[in-house]
Amino acid sequence: MTAISAPDIGLVLLVLGVAAWTTAVRDAFAAVIGFVAYGLLLALLWVRLGAIDVALTEAAIGSGLTGMLLLRAGARAKATQPTAAPPGKLLRLAAAVLCATVAAGLASLVLYPPGPAPSLAPAAAASLPATGLGNPVTAVLLAFRAFDTFLEKVVLLLALIGVWSLAADGHWGGAPTLPWPADRGGALTFLAKILPPVGIVVGLYVFWTGADHPGGAFQGGAILSAMWLLAMLGGVASVPPVEDAALRLALVAGAALFLATGLAGFWVADAFLAYPEGYAKALIIGIEAAMTVSVAATLALLVAGPPARGVRR
Amino acid sequence: MSLVVALFTLITVTAGAFFFLAGTVGLLRFPDTLTRLHALTKADNLGLGLVVLGLLPWADGLFSALKLVCIWLLVQFAGATAAQLIAQLVRRGRSHA
């Protein structure tokens, strides 16, 4: 698709407009709503560019999950008295200059790419049959650049540990409290009963189809985490205490299985994170399954926040 | 035959777009949160419903058609719930909207 159509130009202008509005608006709540709309519009742009995997991730994680995290952070910041003075003019100017420099650098790279742009795409496409996968994005994530993906999983866990470390001493081990009191029998409870059965099927499908089509562990896990959060918000499922052993197992399952498979690679395939010939696809699907569970649990608990209730003994 | 189908799609999708336009105008111009919600949910219900209806004859087989209908139903659920939640907030007198 080389010709740019009028709707595409409109979409680009809309994204830029929403981005400018989100930056300019003073109210934190309004800025977060702008950010969510910006993410959804950006996902549409990724679809137009043919990058369905990126679009799914942007919609689920970039817009939905990050938006919810920001909403909670905004509400929390509003509830507490500001202790520090707002940033001065000089600091804000410095931030604006740095952001503009990064944006200009990226724009110049896109507009004037170096000679023949360096690309590993042909090499990745040539090696795709060896993995047994049909989706080159999944092959890159779990075979060619598996170490990066493994570290991403660990970073997610570290982020959750960072959130948990905000808990008060007396609350450690207890359950997080969700922002809205569960309105039993209300509209949210109704949705929490109707939607999760559909959402769980969609989430598992997105994970499973990721081997050959756009989708995968992160996108599927994000959908599952949204369903779990909805069930907890609607009061249909209880929020688990963070000392729960099954919960902690679910959190580390993905990274642990990834690491175990990687170490086993030393013996069966001569290298860390290498897969033995012929078993690549089965191992990748296995790791992705564990990662889906871990991603779903980690993302939901990131939104739920630090434990805020003591353990009932 | 294909001309009839094309005309049907043209009419229903145009009507759907009209409802989205009317809903947007209502969202911008109606005086309070509850009437604005009313305008918004009408656009979701009828606007998207008509667009989906118009696209059904062009769906790639029965399963694609079912997917389109499912998307409409899911948007109904999400839209109706969000409208209820916002209306509850308004009733409690702590309006964010």
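**Architecture of chain B and selected features of chain A**

From the N terminus on, the elements of chain B follow the order α-α-α. Because its radius of gyration is 16 Å, well over the 13 Å that the globule rule gives for 97 residues, chain B is more spread out than a compact globule. Along the principal axes, the C-alpha atoms of chain B fill a box of roughly 55 × 25 × 10 Å. Buried residues account for 12% of the 97 residues in this chain. Among the contacts in chain B with a separation of 6 or more, 61% join residues 24 or more positions apart.

The structure is a predicted model, with an ipTM of 0.81 and a pTM of 0.85. For chain B the average pLDDT is 86, and 95% of the residues score at least 70.

Helix H1 of chain B comprises 28 residues (residues 2–29). Within H1(B), the residues Gly16(B), Phe19(B) and Gly23(B) are buried. An α-helix has 3.6 residues a turn, so residues three or four places apart point the same way. The cover over the buried residues of H1(B) includes helix H2 (33–55) of chain B.

Between the two chains, 5 residues of chain B are in contact with 6 residues of chain A. The side of chain B that touches chain A consists, by class, of 2 nonpolar and 3 polar residues, with no charged residues.

Chain A is divided into domain 1 (1–78) and domain 2 (124–313). The C-alpha centres of domain 1 of chain A and domain 2 of chain A are separated by 23 Å. To the contact between them, domain 1 of chain A contributes 12 residues and domain 2 of chain A contributes 14 residues. On the side of domain 1 of chain A that touches domain 2 of chain A, the classes are represented by 8 nonpolar, 2 polar and 2 charged residues.

Two positions in chain A were examined individually. Ile52(A) is located in helix H3 (residues 52–79) of chain A. Since 17 C-beta neighbours lie inside 10 Å, Ile52(A) counts as partly exposed; a residue is classed as buried at 20 or more such neighbours and as exposed at 12 or fewer. When residues up to four places away in sequence are not counted, Ile52(A) touches Val47(A) and Pro214(A). The C-alpha atoms of Ile52(A) and Gly215(A) are separated by 8.1 Å, although the two residues are 163 residues apart along the chain.

Ala271(A) is placed in the loop between helix H10 (245–268) and helix H11 (280–304) of chain A. This residue, Ala271(A), counts as exposed because it has 10 C-beta neighbours inside 10 Å. Ala271(A) and Arg26(A) are 245 residues apart in sequence, and their C-alpha atoms are 52 Å apart in space.

Technical notes: Residues are numbered from 1 along each chain as its sequence is written. Chains are lettered from A and ligands numbered from 1 in the order in which they are written. This is a predicted model: local features need pLDDT of at least 70, side-chain atom pairs count only at pLDDT 80 or more; totals for chains, interfaces and linings use all residues. Helices (H or I, at least four residues) and strands (E, at least two) are DSSP runs, numbered from the N terminus. The radius of gyration is taken over C-alpha atoms; the globule rule is 2.2 Å times the number of residues to the power 0.38. Two residues are in contact if their C-beta atoms, placed from the backbone, lie within 7 Å. pLDDT is the predictor's confidence in each residue, from 0 to 100. Ala, Val, Leu, Ile, Met, Phe, Trp, Tyr, Cys and Pro count as nonpolar, Asp, Glu, Lys and Arg as charged, and the others, Gly among them, as polar. The expected span of a helix is 1.5 Å times one less than its number of residues. Domain bounds come from an automatic or database domain assignment.
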